[in-house]
Amino acid sequence: MYIVCALYHFTPFPDHAALRDPLLSLAKSNGVTGTLLLAKEGINGTIAGSRQGIDAMLAHIRALPGCADLDWKESTAADQPFARMKVKLKKEIVTLGQPDVDPRAKVGHYVEPQDWNDLIRSPDVALIDTRNEYEIAIGTFEGAIDPETTSFREFPAWWEANKERFHNKRIAMFCTGGIRCEKSTNYLLGLGVEDVYHLKGGILKYLEEVPQDDSTWQGECFVFDGRVSVGHGLTEGPHILCHACRRPILPEDTKRPEYEKGVSCHHCITETTDQDKARFREREKQIALAKTRGETHLGGETGV
């Protein structure tokens with residue numbers, strides 16, 4: 001059983017690039033895999049490994065400047081959800097594309113998972129899912145608004161186009177692990193929106209702490225690792241990934257005529273050209289050859 005650890009922390013790193021190699025070295029020496037993102041604004045990522053390995057990584061990260069109060073969320077996976085360790089240097093640890101946004105200055109009101117249902121059931125509350133449409137497609141909270149964005153960077157434009165819908169409403173937002181809402185709530189506060197709330201710990205914390213019988217969550221939660229989705233109690237969900245478009249699909253979707261492993265699924269069959277599909281088939285051939293040599297090609301990005 002592997003420990004899966006999702007974490008993020010906003011703190012200024014004057015030289016974030018210098019943090020990369022020590023993190024990568026420590027992860028490799030402890031058998032930890034996954035993806036960490038480093039930027040001047042902080043750290044974000046999901047890693048997996050043994051209890052000892054995860055503890056070593058967390059101790060190192062908490063010793064970084066400003067990270068002593070790092071918060072993280074843990075779950076488990078039967079199989080290693082990542083094949084290798086990646087530490088990437090980024091401009092933002094979650095990309096909103098708004099240079100004036102600073103979650104360290106001010107964010108919305110945190111709402112504990114056990115208090116979330118009462119808030120979102122209030123008639124004067126507008127509930128907004130800040131995740132991307134392919135994540136929302138497999139699960140969200142009852143009554144949540146889907147902005148139909150393909151990336152978090154599109155959220156500001158969506159808000160500008162729809163803000164009149166939320167006049168005299170309190171705004172409640174949520175995301176997978178909480179990081180997107182740190183930025184989206186700061187963004188709305190900067191625009192003068194006064195009553196802004198977000199789910200502390202994100203969907204993952206809610207699914208961990210709120211019993212299924214009391215839950216207003218519907219479906220599964222997409223996660224950025226080999227498990228693809230999790231449900232109540234953070235148990236592994238049924239979804240697999242289309243490796244052509246990186247969208248979650250169900251096992252029965254592989255029986256559909258649009259599906260070809262690594263090439264297309266019913267979501268993306270019309271989105272790529274014949275040349276793209278030929279390239280994907282060649283990629284699948286190379287992956288199969290690599291597997292015969294004992295290599296693996298499982299990976300994932302992070303968006304907690």
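Me: Which residues does Asp-225 touch, not counting those up to four places away in sequence?
Reply: In this predicted model, Asp-225 sits in the loop between strand E12 (221-222) and strand E13 (229-230). Leaving out residues up to four places away in sequence, its contacts are Val-4, Thr-46, Pro-81 and Phe-82.

Me: Is Asp-225 buried or exposed?
Reply: The relative accessibility of Asp-225 is 6%. Buried means under 20%, so Asp-225 counts as buried.

Me: Which residue has its backbone nitrogen 2.8 Å from a polar atom of the Asp-225 side chain?
Reply: A polar contact requires N or O atoms within 3.5 Å. The side chain of Asp-225 has a polar atom 2.8 Å from the backbone nitrogen of Arg-227.

Me: What is the volume of the largest cavity?
Reply: Searching the whole structure gives 1 cavity of 30 Å³ or more. Its lining has 15 residues, and those closest to the centre are Val-4, Ala-6, Leu-204, Val-223 and Arg-227. Strand E1 (2-10) and strand E4 (71-77) each contribute at least two lining residues. The volume of the largest cavity is about 110 Å³.

Me: How many residues of the lining of the largest cavity are charged?
Reply: The lining includes 8 nonpolar and 3 polar residues. The charged residues of the lining number 4.

Me: Is Glu-208 buried, exposed or partly exposed?
Reply: Glu-208 belongs to helix H7 (residues 202-209). Its relative accessible area is 38%. Buried is under 20% and exposed is over 50%, so Glu-208 is partly exposed.

Note on methods
Residues are numbered from 1 along each chain as its sequence is written. This is a predicted model: local features need pLDDT of at least 70, side-chain atom pairs count only at pLDDT 80 or more; totals for chains, interfaces and linings use all residues. Side-chain values use heavy atoms; hydrogens and water are left out. On a 1 Å grid over the protein atoms alone, a cavity is a set of points where a 1.4 Å probe fits but cannot get out, and a pocket is an open set with protein on both sides within 12 Å along at least five of seven lines; lining residues have an atom within 4 Å of a point. Grid points are joined across faces, edges and corners, and a volume is the space filled by probe spheres set on the points. Helices (H or I, at least four residues) and strands (E, at least two) are DSSP runs, numbered from the N terminus. Ala, Val, Leu, Ile, Met, Phe, Trp, Tyr, Cys and Pro count as nonpolar, Asp, Glu, Lys and Arg as charged, and the others, Gly among them, as polar. Buried means under 20% relative accessible area, exposed over 50%, partly exposed in between (1.4 Å probe, protein chains only). A polar contact is a pair of N or O atoms within 3.5 Å; within protein, one must be able to donate a hydrogen and the other to accept it, and residues adjacent in sequence count only if both atoms are side-chain atoms. Contact means heavy atoms within 4.5 Å.
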